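Biologist: Hi, I've just opened this one and could use a quick tour. Can you walk me through it?
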Amino acid sequence: MGVYSCYARRYAPLVTMPITAPASPADSAGGPPGTTGPAVGPAHALADVTASDSALRRFLHGLPGVDAVGLEARAASLGTRSIKTTAKAYAIDLAISMIDLTTLEGADTPGKVRALGAKAVHPDPTDRTTPQVAAVCVYPDMVATAKEAVAGSGVKVASVATAFPAGRAPLGVKLADVREAVAAGADEIDMVIDRGAFLSGRYLKVYDEIVAVKEACGTDARLKVIFETGELATYDNIRRASWIGMLAGADFIKTSTGKVAVNATPANTLLMLEAVRDFRAATGVQVGVKPAGGIRTSKDAIKFLVLVNETAGEDWLDNHWFRFGASSLLNDLLMQRQKLATGRYSGPDYVTVD
Amino acid sequence: MSDHVSLSGSAARRLSVFKTYKLYVGGKFPRSESGRVYEVTDSKGNWLANAPLSSRKDARDAVVAARKAFGGWAGKTAYLRGQILYRVAEMLEGRRDQFVREVAEAEGLSKSKAAAQVDAAIDRWVWYAGWTDKISQVVGGGNPVAGPFFNLSTPEPTGVVAVVAPQESSFLGLVSVIAPVIATGNTAVVIAGEKSPLPALSLGEVLATSDLPGGVVNILSGRTAEIATPLAAHRDVNAIDLTGADEVLAKELEIAAADNLKRVLRPQPVDNVVDWTADPGTHRLTAFLETKTVWHPTGSLGPSGSSY
């Protein structure tokens with residue numbers, strides 16, 4: 001449990017938390033932030049906070065502030081755990097199975113997407129015991145190609161949508177983007193929030209947009225909501241964005257697009273893991289987390305897995321609830337896996353060049 | 001305690017500034033990842049300094065650095081590589097006294113004999129600096145073939161070379177095995193002699209200030225067998241020079257190196273009693289070169305049988 005969140009929990013009853021109608025009997029329960037007694041259904045317990053722009057703002061600004069120093073110290077100290085031998089082998093295989101193998105370039109070709117699909121199904125063709133990755137992540141126009149490439153394998157196809165990565169398009173365009181991707185067979189949609197609206201305080205607009213996209217996803221596609229934490233400026237904002245996303249029905253909250261200078265860091269991922277833990281405690285609804293961008297080595301990936309286990313708990317140690325958005329990470333994991341299998345350090349000549 | 005008083009008086013005694021010897025990896029001077037050190041003594045057993053006791057992870061990191069530096073170094077013109085090697089000689093000349101002292105302590109030589117060793121080492125850099133843009137004329141060229149083709153062979157660097165530096169000659173021997181490897185565009189991971197690594201670690205400081213890109217030479221100190229074994233087995237190392245390995249170790253390393261078909265430069269029988277001051281020849285240059293041959297059509301031959 002995070003250092004700062006012990007703190008937050010202890011003082012939660014003292015903080016003004018206008019999260020429910022004043023008459024709510026659970027207000028005095030003194031549970032974690034947002035606790036309003038036993039869950040009665042997805043996010044129902046918190047239904048009131050999204051009733052109006054001002055209610056949502058009151059709720060978000062009533063969330064306990066983030067102790068930035070404590071958060072970073074906690075993330076750094078969890079990064080020093082030594083994971084060796086069998087635990088390391090387990091962690092490497094788990095990390096491989098959690099990867100959303102991603103290609104989001106203007107220069108993507110059908111050939112490249114097919115190659116990526118083949119790699120997703122058999123990450124290491126020389127060792128068929130290597131687990132599959134969780135999904136391939138592509139632009140909407142490549143969904144059909146990707147779907148074909150991973151057909152029959154159980155690897156999912158995720159598509160970024162809503163005018164990724166900037167998100168600066170009219171809502172109609174964003175929704176059309178999502179519907180096209182879902183129609184082409186995408187199993188998961190990665191949307192970006194409207195950071196401009198968020199930073200100017202129009203939280204309900206952000207919320208409404210996520211709700212609309214969730215609706216466009218239908219019942220089949222899971223929705224990942226990207227906050228672009230590198231553009232949110234403060235940890236408090238990341239916490240607020242996380243709660244907006246979860247309240248709006250996100251299946252996953254995701255750090256970043258990978259297109260800006262600062263992407264997933266242990267600290268902002270830790271913060272989001274605490275948010276999903278607290279959200280489940282409050283509502284009974286489990287939400288996944290996906291750090292994306294900048295995770296390139298096995299060592300980094302294992303640090304994130306430690307964060308997951310120590311913060312959200314074992315329930316999240318599964319690719320249904322935790323993902324890595326990455327491309328070069330897979331090669332490093334494969335080289336580490338080969339090292340464990342053969343005892344010899346491997347090299348980039350023994351994995352594919354993407 | 002009476003020193004206190006004398007401090008204010010005549011020539012104040014300075015506290016000595018001890019040098020912390022560190023590894024040279026990727027252009028930086030890290031301590032060993034393992035945090036270990038070992039005691040280095042002079043030939044009479046007096047303590048000189050603590051040197052880092054590298055682990056296999058230091059070796060792994062050094063290979064990553066060497067691989068990263070390889071493309072840039074191999075891509076530089078041979079002429080520029082020659083200039084940089086010459087620059088190393090210039091820098092060494094400026095720190096000659098330091099190296100004379102370190103070599104004298106490490107090998108138990110008199111000052112004049114150590115000076116001769118250092119001078120020879122500096123000259124060795126100049127020798128190999130001259131070879132960088134000449135070796136391709138010696139081992140490459142146009143080949144006569146039976147057909148309407150130009151057939152041209154050029155030598156290219158092998159890649160990342162692990163170098164087990166000689167155990168006895170701590171500086172001249174060291175330079176004699178590093179310089180030929182990098183002269184042709186390879187990058188090197190060097191294991192300094194186990195007993196006397198200090199001149200090698202100081203050489204890192206010279207290389208760092210000689211326009212040599214970081215990672216081209218990486219210098220590790222520690223137990224030779226401990227570091228050399230993972231390097232010989234490492235699949236991202238292209239060649240290994242076994243000069244400083246004893247017979248048993250050399251055999252073991254050669255077996256490990258076979259896995260990814262590394263080029264191996266075996267310790268020659270003469271190397272065991274090697275006279276490092278002798279003319280080095282070109283065999284250390286050519287040991288880590290690959291030959292690329294290009295066939296190019298001459299165009300249609302005229303009635304005279306020549307295209308000209």
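Modeller: Helices (H or I, at least four residues) and strands (E, at least two) are DSSP runs, numbered from the N terminus. This is a predicted model, where local features need pLDDT of at least 70, side-chain atom pairs count only at pLDDT 80 or more, and totals for chains, interfaces and linings use all residues. Residues are numbered from 1 along each chain as its sequence is written, while chains are lettered from A and ligands numbered from 1 in the order in which they are written.

Biologist: Which residues of helix 9 of chain A are buried?
Modeller: Y203(A), V206(A), Y207(A), E209(A), I210(A), V213(A), K214(A), A216(A) and C217(A). Buried means 20 or more other C-beta atoms within 10 Å of the residue's own, exposed means 12 or fewer, and partly exposed is in between, with C-beta atoms placed from the backbone.

Biologist: And what follows helix 9 of chain A?
Modeller: G218(A), with a positive phi near 70°.

Biologist: Switching to helix 12 of chain A, what do its buried residues pack against?
Modeller: They pack against helix 3 (68-78), helix 4 (85-97), helix 11 (266-283), strand 8 (324-326) and helix 13 (328-342) of chain A. Contact here means C-beta atoms, placed from the backbone, within 7 Å.

Biologist: At what angle do helix 4 and helix 12 of chain A pack?
Modeller: About 90°, with their axes 10 Å apart. That makes helix 4 of chain A roughly perpendicular to helix 12 of chain A. Angles under 35 degrees count as roughly parallel, over 145 as roughly antiparallel, 65 to 115 as roughly perpendicular and the rest as oblique. Axes are lines fitted to C-alpha atoms, for helices over the stretch in contact, and angles run from 0 to 180 degrees between N-to-C directions.

Biologist: Which residues meet there?
Modeller: From helix 4 of chain A, A91(A), I92(A), L94(A) and A95(A) meet S298(A), A301(A), I302(A) and L305(A) of helix 12 of chain A.

Biologist: Over in chain B, where is V190(B)?
Modeller: V190(B) sits in strand 6 (residues 187-191) of chain B.

Biologist: Buried or exposed, and why?
Modeller: V190(B) is buried, because it has 27 C-beta neighbours inside 10 Å.

Methods: Contact = placed C-beta atoms within 7 Å.
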